[in-house]
Structure formats: C-alpha cells, structure tokens
Amino acid sequence: MKRGMMGGGQNMQQMMKQAQEMQKQMEQMKEQLAETLIESSAGGGMVSVEMSGAYELLNIKIKPEAVDPDDVEMVEDLVIAAINEAISQVTKLREETLPL
C-alpha cells in the first residue's frame, strides 16, 4: 500500500510542476498581451483610439474637422464608439490567446 502512495506522491509532484509551468506560460501570455497595441476608429477615422491588450487606454486622436462647437455630442459619441470597439477587439484577442 505504501508503494502505491509513493507513486501517487510522484504524480502529485509532477502535476504541481505542470501547474507551475502553465501558470508561468499564462503570465508570459498576459505580458505579451499587455504589450499588444489595438487601434480602433469611428466616424470614418475622425476619432481613433489606441488600447493595450490589458485594456489600458493609451491614446485618443480627434481630427480637427470632427470638432463642431455646435455638435459636441457627435464627438462624444464617436469617442465612445471608438473606445467600445477597442474594448471589443481586446476582449476577442484575449479570448483567442488565453485559455479559460
């Protein structure tokens, strides 16, 4: 009976080692994702955003011709649309890259 337990202990050690390796790989993938740059735009490129694979908003660009003092709401809507599209792209990238 002890012999079977010893074998089980070795299996457990091997499983722990594999789990640690998987965790290390996950961390590496997360680091790579954080360095990945996603670009998104709205309004035919009038508003563009850059976001990292870690959902960090890095940059927003608004073309001067998009700014109409009488219609600020349009620019606000374009900013929201561009950010939401970037979030969607990052989410898709993360789902494809990171295992559950």
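**Figure 1. Ser52, a residue of strand S2.** Ser52 sits in strand S2, which covers residues 47-52; helices (H or I, at least four residues) and strands (E, at least two) are DSSP runs, numbered from the N terminus. The model is predicted: local features need pLDDT of at least 70, side-chain atom pairs count only at pLDDT 80 or more, and totals for chains, interfaces and linings use all residues. Residues are numbered from 1 along each chain as its sequence is written, and side-chain values use heavy atoms, with hydrogens and water left out. Is Ser52 buried or exposed? It counts as buried, because its relative accessibility is 3%; buried means under 20% relative accessible area, exposed over 50%, and partly exposed in between (1.4 Å probe, protein chains only). Leaving aside neighbours within four places in sequence, Ser52 is in contact with Leu33, Ala34, Thr36, Leu58 and Val90, where contact means heavy atoms within 4.5 Å.

Figure 2. Ser40 has a relative accessibility of 5%, so it counts as buried. A polar atom of its side chain lies 3.2 Å from the backbone oxygen of Ala82. Once neighbours within four places in sequence are set aside, the contacts of Ser40 are Val47, Ser48, Val49, Ala82, Glu85, Ala86 and Gln89.

**Figure 3. Gln89 in helix H2.** Ser40 turns up again here, as a contact of Gln89. Gln89 belongs to helix H2, residues 72-97. With a relative accessible area of 27%, Gln89 is partly exposed. Which residues does Gln89 contact, leaving aside its neighbours within four places in sequence? They are Ile38, Glu39 and Ser40.

**Figure 4. Leu37 in strand S1.** Strand S1 spans residues 37-42, and Leu37 is part of it. Leu37 counts as partly exposed, because its relative accessibility is 42%. Not counting residues up to four places away in sequence, Leu37 touches Glu50, Met51 and Leu58. Lys63 is 26 residues apart from Leu37 along the chain, and their C-alpha atoms are separated by 20 Å.

**Figure 5. Tyr55, in the loop between S2 and S3.** The loop holding Tyr55 runs between S2 and strand S3 (57-62). What is phi for Tyr55? It's near 65 degrees, a positive value in a residue other than glycine. At 35% relative accessibility, Tyr55 counts as partly exposed.

**Figure 6. Zooming back out to the chain.** Two helices and three strands make up the list of elements, and from the N terminus they run α-β-β-β-α. The radius of gyration is 23 Å, well over the 13 Å that the globule rule gives for 100 residues, so the chain is more spread out than a compact globule; the radius is taken over C-alpha atoms, and the rule is 2.2 Å times the number of residues to the power 0.38. Along the principal axes, the C-alpha atoms fill a box of roughly 85 × 20 × 15 Å. Of the 100 residues, 17% count as buried. Take the contacts between residues at least 6 apart in sequence: 47% of them join residues at least 24 apart.

Methods. A polar contact is a pair of N or O atoms within 3.5 Å; within protein, one must be able to donate a hydrogen and the other to accept it, and residues adjacent in sequence count only if both atoms are side-chain atoms.
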